[in-house]
Amino acid sequence: MSATAPSEGFGLRGSTLTLIGIALVGLYLFPVYWMYISAFKTSSEIFADPPTMFPENGTLSSFVWIFTQEHVGRYLRNSLIIAVSTMALTIVLGSLGAYAMSRIRSRAVDVALVTVVVLQTFPEALLATPMFVIFRELGLLNTHLAVVLATTTKTLGFALVFLRPIFAQVPFALEEAAFIDGASRLQSFRLVVFPMVRVGVLVVAALTFVMAYGEFVYPLTLLTRAELQPAPVGIYQFVGAEYADWHRVMAFASVFVTPVLLIFLLLQRRIVSGLTSGALK
Amino acid sequence: MQTRRDAAILWLFLILPVGYMVAFVGYPVVYNLVMSVQDVTLGNLATWDRPFVGLGNYVELIANERFRLVVRNSVIFVTVNVVLQIAFGLAIALYFENRFPGARYMRGLFLAAWMLPPLVIGALWKWMYAADYGLINYVLESIGLSDGPIYWLSNPDIVLAAVIAANIWFGTPFIMLLLSAGIANIPRELYEAASLDGAGAIQRFRFVTLPMLKATLLAVACLATVYTMRAFDLIWALSQGGPIDASNVLPLYSYQLSFEQFRFGGGSAVATFSFVVVFIVALLYVRTIRHEKAM
Amino acid sequence: MLRRRLLCASALVACLSAPATAQTTVDLWHVFNIETDMIHQAIKDYNASQDEYRIEPRVLPFVQLQTELIKAVATGDVPDLITVDNPVLVSLAAQGALEDLTDLVSESENIDPEVYVEGPWRSNVWRDQIYGVPRDANTIGVYYNKDMFREAGLDPESPPATWDELRDAAQTLAGDGVNGIAFSAIMSEEGPFQWLPFLYQAGGSLDNINSPEAVEALQFWVDLVESGSASPDVVNMRQYEAANTFMAGNAAMAISGPWELPRIEQEADFDWSLALLPVKADKNIRASALGGYNWAIPAGAENVDGAFEFIEFMSRQDVLQNGWDTGRLPPRTDITVPDPRWPEAFATFNEQLQTAIPRGPHPRWPEISKALQIAIQEALTGRKSAQDALDSAAATINPILQETPL
């Protein structure tokens with residue numbers, strides 16, 4: 001725990017921890033490594049016995065195929081549009097709701113929480129048909145908006161459940177002080193509360209982004225036109241009736257995951273700096 | 001010092017997200033409920049004019065030994081997943097809470113597991129689990145831990161554990177990140193004070209980390225339950241619920257009834273059954289946080 | 001309706017890019033994601049050949065086609081034309097989800113039931129009405145690794161022809177990380193697809209599924225696994241996974257179909273060949289599985305005529321002859337494939353197709369199939385004896401068949 005070693009200089013203990021850390025991450029992410037190298041293997045090598053740790057007859061053909069297909073860029077762009085919009089909508093609704101839940105003292109909050117938690121438990125595969133009906137009535141089929149609205153039902157529950165305790169940690173006293181100074185509820189939310197919870201909000205936002213980025217069922221159902229489809233639907237195009245092009249699946253998945261993973265790693269730094277700036281001190 | 005307008009705004013904040021969920025998910029839920037008490041076929045699927053069968057679909061389910069097996073699997077799947085995801089998630093989060101070079105980046109890397117599409121995770125684990133050419137058996141045999149192949153996905157006694165392990169691998173990073181955020185919010189002063197009072201690492205964990213993390217842990221447990229309750233794609237890609245339903249769970253079973261066997265009423269009844277179970281979990285969750293407030 | 005507006009918009013774009021009269025769009029959902037499948041060129045050719053209809057394809061992942069179709073039926077927003085895995089067609093038809101094509105077929109010059117191979121055609125007929133037209137046909141045979149045959153001292157030119165020979169060969173070939181034979185007994189339609197030929201070879205039948213013959217057929221598979229000739233993982237192997245283990249040199253033989261040929265040609269770096277499914281010596285009944293896709297028009301489709309015209313186009317000699325390039329056999333007897341790729345395999349699979357038996361056709365086929373899948377898996381995993389497993393299957397299947405016979 002960080003508190004056991006206030007962080008001056010890393011020294012031997014730091015190096016040991018780093019080494020163990022690397023080993024842990026390496027072991028844990030082995031399947032991810034497997035994904036990357038499988039993209040370079042031929043399909044019979046994928047099933048070779050014994051398994052090969054490194055492609056023996058490495059081929060770039062899957063990646064060449066991916067990058068010479070204009071569709072891949074289109075799939076990724078669609079994923080990005082859907083993920084960013086879903087994240088924005090979720091965070092706005094989720095923050096407001098979580099703030100209210102942490103401030104209202106009433107049974108209604110319990111009812112609201114149960115409602116939200118329960119409503120997100122149906123597997124999407126079963127929700128997809130009625131969702132289709134809703135969005136057809138709204139005239140939104142074949143729009144990204146429909147997918148964003150539908151996907152937000154998956155992410156909003158998560159955001160509320162997780163943001164509520166974060167908002168609850170902001171002491172009432174701080175807000176009281178702001179009110180005495182004449183601040184309105186909105187001002188207090190914006191100027192006092194939000195800066196104190198932004199780390200938590202950032203984490204929730206990032207996770208919401210990833211959830212929406214990987215969404216499969218709703219786009220498949222609500223978008224019938226290929227040019228609107230996001231990448232997770234695109235990945236399925238290689239899984240055919242009688243066989244799957246696994247090396248292409250893996251190549252596409254690598255291209256799909258890597259940029260987001262990199263962005264996420266950069267974002268980690270933001271989270272760290274948010275912490276060290278002493279938001280909660 | 002709250003004005004009436006301020007209070008109204010607070011309620012508006014609350015109603016917006018809850019109203020949103022009710023508006024978009026309420027209808028689908030009702031849709032399922034209604035189908036679960038009807039005799040639904042492809043022929044009458046487009047109309048609402050279907051024979052009412054009361055609780056017939058439910059009675060048929062409960063009499064079905066396959067359904068009972070699936071319920072048993074689901075209970076094991078969810079319980080083990082929630083407990084172990086939280087345990088592993090907490091362990092990893094605490095480890096990378098230590099300050100050492102690269103700690104934050106490594107912690108972020110874990111999330112790669114959670115980002116992969118379920119189709120890809122299913123395929124990767126299926127290859128690794130393959131008895132004859134799979135990596136796991138290869139490693140176990142090389143280091144002498146087993147002398148014959150283990151049939152991870154084709155032995156009905158093992159397959160559920162194999163599927164659970166893959167799902168824990170997939171779900172833990174997410175849980176870990178949520179817990180990390182919770183840990184980051186614990187004021188450092190508390191640890192310093194505890195240290196001054198002579199508390200060791202274990203005591204600090206017990207008397208500082210755990211109590212301060214309680215709200216987060218509850219939220220995480222609730223979320224993990226909901227997510228594993230509806231786990232679907234990964235199991236489908238990995239074992240299709242087989243062999244002989246030994247790794248089948250409620251959402252997958254419901255999907256198979258509705259979309260593979262055209263037994264829409266039965267499929268909806270299974271979904272409604274899960275819904276009731278989660279409703280109970282949600283009530284427990286809310287009760288617990290009310291206690292927590294009262295403290 | 002936005003959907004219609006969008007369709008108009010896309011039609012408008014088409015009008016602007018190519019001067020044509022107002023075209024009717026025919027929505028086609030299919031599962032053929034391989035670029036070389038005959039459907040892709042045919043759609044282009046058809047769209048270019050006339051300007052009354054425009055085929056608008058939507059390629060769906062195989063497992064999603066049925067799901068999407070059910071959603072479409074539920075919401076009344078159906079496409080005009082779909083491809084259906086043939087055992088499912090009659091269950092869709094019996095539930096009223098498909099248009100009756102009987103009149104259109106009787107008026108058609110190109111589509112004559114007489115010229116179709118019997119099995120594929122039968123899979124479209126329910127209560128004497130026609131609900132589909134075969135698009136392609138396939139069946140299964142035994143791929144074998146000639147190099148491994150030689151190494152094991154077996155004659156690569158005379159592959160196993162009977163059950164006993166297959167069992168012995170598999171036993172001889174197995175060992176040292178190599179399975180004698182790979183097949184698919186997975187919990188999906190593919191399991192019964194591969195097992196039912198053995199049932200018929202043994203003289204068994206679906207309406208007497210716990211007969212001694214049926215038990216023998218299931219026991220034959222059980223013995224292959226228990227003797228170590230086949231991997232217990234067959235219960236979790238899809239057909240392409242069985243074929244993959246063969247291509248990677250992990251199995252000396254594999255039961256699979258012609259769709260694997262392009263891949264085997266590319267991936268297998270050994271000498272291989274193909275044999276007919278074996279017969280049971282004392283019965284000498286040839287039987288194989290019938291697979292393939294049929295064209296069908298969902299009930300309530302807006303452009304039945306356009307869809308049917310495209311079906312007729314897809315049933316022409318110059319289109320169907322291209323199916324074999326991706327291992328799809330023509331479903332009709334009057335089609336010649338000039339200079340076929342893999343000529344020997346073409347001959348073998350065509351011969352096999354003559355004895356291919358359709359699954360069903362039965363409106364409740366998915367439930368029958370599920371009962372078979374469970375029985376196969378119970379026996380192969382040792383949960384039940386072959387007899388007990390099939391007794392349980394009979395308890396499910398017999399009432400269904402009593403209500404509606406095959």
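## Where the two chains meet

Across the interface of chain B and chain A there are five residue pairs in polar contact, with both partners at pLDDT 80 or more. Salt bridges between chain B and chain A number zero. The model is a predicted one, and these counts are computed from it.

How large is the area buried between chain B and chain A? It comes to about 10400 Å². Carbon and sulfur atoms give 78% of that area.

## Who takes part

Chain B supplies 101 residues, and chain A supplies 107 residues.

Which helix gives the most to the side of chain B that touches chain A? The answer is helix α1 of chain B, residues 4-35. This helix puts 20 residues into that side.

What kinds of residue make up the chain B side? Of those touching chain A, 77 are nonpolar. Another 12 are polar, and 12 are charged.

## Two domains in chain A

Now look inside chain A. Chain A is divided into two parts: domain 1 covers 12-59, and domain 2 covers 69-276. Eight residues from domain 1 of chain A and seven residues from domain 2 of chain A form the contact between them.

How far apart are the centres of these domains? Taken over C-alpha atoms, the centres of domain 1 and domain 2 of chain A are separated by 30 Å.

## The contact between the domains

Domain 1 and domain 2 of chain A bury about 650 Å² between them. Carbon and sulfur atoms give 73% of this area. Three residues stand out on the domain 1 side: Met35(A), Tyr36(A) and Ala39(A). Together they supply 63% of the area that domain 1 of chain A buries against domain 2 of chain A. That is more than any other three residues supply.

Polar links are also counted here. Between domain 1 and domain 2 of chain A there is one residue pair in polar contact, both at pLDDT 80 or more. The number of salt bridges across this interface is zero.

## Helices on the domain 1 side

Which helices each supply at least two residues of the domain 1 side that touches domain 2 of chain A? They are α2 (30-38) and α3 (43-46) of chain A. The largest share comes from α2(A), with three residues.

By class, the domain 1 side that touches domain 2 of chain A has five nonpolar residues.

Key: Residues numbered from 1 in each chain as written. Chains lettered and ligands numbered in written order. Predicted model: local features only at pLDDT ≥ 70, side-chain atom pairs only at ≥ 80, totals over all residues. Heavy atoms only, no water. Domains from an automatic or database assignment. Contact = heavy atoms within 4.5 Å. Buried area = accessible area lost by both parts, 1.4 Å probe. Salt bridge = Lys/Arg side-chain N within 4 Å of Asp/Glu carboxyl O. Polar contact = N/O pair within 3.5 Å; in protein donor to acceptor, adjacent residues only side chain to side chain. Helix = DSSP H or I, 4+ residues; strand = E, 2+ residues; numbered from the N terminus. Nonpolar A, V, L, I, M, F, W, Y, C, P; charged D, E, K, R; others polar.
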